[in-house]
Amino acid sequence: MKLITRSPDELGKSIPLDEGERYVIVVRPRAVVFRFSGLVFDTNKNFILPGCIPLLKSLKPIYEQRPDNKLLIVGHTDTSGEPDYNDELSLERARAVEAYLNQDDGAWLARYQTSVQEKKRWGELEDRQMIGALPRGETDEEDPVRAFQATRSLKVDGIIGNQTRTALIKEYMLLGDAKPPATVTITVHGCGENFPLDDSGLELDPDPADDAHDPLDRRVELYFFDGEIKPPPPGPNSKPGSKEYPEWRKLAKLVFDRALGPLPVLKVRM
């Protein structure tokens, strides 16, 4: 028995079949969504926390089944902060995920620059989180930075300079093993604080509280579309009352949903 997968649009086209062979034809949904929430981002930040990284490996079977899809990455914030600020932050989160998937270490290095707003800027905390997520390797070094440098053939000075940080980001990006095929095109979009979730983390909250620090709302969703993204994104950001995002939720079949719980605190001496 042979399995044939087709999108709804392809069902109107002829399917070549071998005489005497049995087939199962599976209709592929027009869109699917991969989403996770919880401890995905710290407040004000777009750095992807270590607890999310293993989940990204679950993207591989989606790539295999939908190698020519259009991928829409949608970032969100909670309702703390001003709306305009959250619009920008949600878009930055979507771009950070795009950079991670594409293993674009330069985009992540730019988040450390002094030109980045101080409360959004990456620094020692993000370095510490990445080092803690990576295998230590065999070394007598006790300092985690020196241990990383010693086991990666870097200059061992205990200082996270540009060379060490670049190597650190590159290796962290490989942990997820989630690079899409070149045939998958990516669009990023930010929904700001406009679509927070209810307490279940499953449905939209019809009456959200203002100025709420909710990790479930600091989330990201990856929508895979057969053909064009419909309805198309209303520019870089959705505004309050926008109809597109609720339509994406209705249209897409959920293939992965994980709400991350509390993670153990990792203390690393820098």
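This is a predicted model: local features need pLDDT of at least 70, side-chain atom pairs count only at pLDDT 80 or more; totals for chains, interfaces and linings use all residues.
**Exercise 1. Helix α5**

Task: Find which residues of helix α5 (residues 144-151) are buried, and which helices they pack against.

Solution: 
- Along α5, the buried residues are P144, V145, A147, F148 and Q149.
- Next, look at what lies against them. The buried residues of α5 pack against α4 (124-133) and α6 (162-175).
- Now check the N-terminal end of α5. D143 caps it, with a side-chain oxygen 3.1 Å from the backbone nitrogen of V145.
- Finally, step past the helix. Just after α5, S153 has a positive phi of about 55°.

**Exercise 2. The overall layout**

Task: Work out how many helices and strands the protein has, and in what order they run.

Solution: 
- Count the elements: there are seven helices and seven strands.
- Read them from the N terminus on, and the order is β-β-β-α-β-α-α-α-α-α-β-β-α-β.
- Then turn to burial. Of the 270 residues in the protein, 44% are buried.
- Look at the contacts with a separation of 6 or more: 70% of them join residues 24 or more positions apart.
- Last comes the surface. The accessible area is about 14000 Å², and carbon and sulfur atoms hold 50% of it.

**Exercise 3. The nonpolar cores**

Task: In the largest nonpolar core, identify the residues that touch the most other members, then say which helix gives the most to this core.

Solution: 
- The core has 46 residues, and L59, I73, L101, W108 and L222 touch the most other members.
- Helix α2 (residues 83-101) gives the most to this core, with seven residues.
- Take L101 and list its contacts, leaving out residues up to four places away in sequence: L59, Y63, L71, I73, A178, K179, P180 and L222.

**Exercise 4. Aromatic pairs**

Task: Decide whether the pair F34 and F256 is stacked or edge-to-face, then do the classification for Y100 and W108.

Solution: 
- A pair of aromatic rings is described by the distance of the centres and the angle of the planes.
- For F34 and F256, the centres are 4.5 Å apart and the planes 10° apart. Planes under 30 degrees apart count as stacked, so this pair is stacked.
- F34 belongs to strand β3 (residues 31-37) and F256 to strand β7 (residues 253-259), so the pair ties together parts that are 222 residues apart in sequence. Both F34 and F256 are buried.
- For Y100 and W108, the centres are 5.6 Å apart with 50° between the planes, and the pair is tilted.
- Check their burial too: Y100 has 1% relative accessibility and counts as buried, and W108 is buried with a relative accessible area of 1%.

**Exercise 5. Charges over a ring**

Task: Which charged ends sit over the ring of Y85?

Solution: 
- The charged end of K119 sits over the ring, 4.5 Å from its centre.
- The charged end of K120 also sits over the ring of Y85, 4.6 Å from its centre.

**Exercise 6. D78**

Task: Is D78 buried or exposed, and which side chain does its own side chain contact?

Solution: 
- Locate D78 in the loop between β4 (70-75) and α2.
- Its relative accessibility is 3%, and buried means under 20%, so D78 is buried.
- The side chain of D78 makes a polar contact with the side chain of S80, at 2.6 Å.
- Leaving out residues up to four places away in sequence, D78 touches N86, E193, A212, H213, D214, D217 and R218.

Notes. Residues are numbered from 1 along each chain as its sequence is written. Side-chain values use heavy atoms; hydrogens and water are left out. A nonpolar core is a set of buried Ala, Val, Leu, Ile, Met, Phe, Trp, Tyr and Cys residues joined through side-chain atoms within 4.5 Å. Buried means under 20% relative accessible area, exposed over 50%, partly exposed in between (1.4 Å probe, protein chains only). Helices (H or I, at least four residues) and strands (E, at least two) are DSSP runs, numbered from the N terminus. Contact means heavy atoms within 4.5 Å. Rings of Phe, Tyr and Trp (its six-membered ring) pair if their centres lie within 6.5 Å; planes under 30 degrees apart count as stacked, over 60 as edge-to-face and the rest as tilted. A charge sits over a ring if NZ of Lys or CZ of Arg is within 6 Å of the ring centre and within 35 degrees of the ring normal. A polar contact is a pair of N or O atoms within 3.5 Å; within protein, one must be able to donate a hydrogen and the other to accept it, and residues adjacent in sequence count only if both atoms are side-chain atoms. Accessible areas come from the Shrake-Rupley method with a 1.4 Å probe; for residues, only the protein chains shown count as cover.
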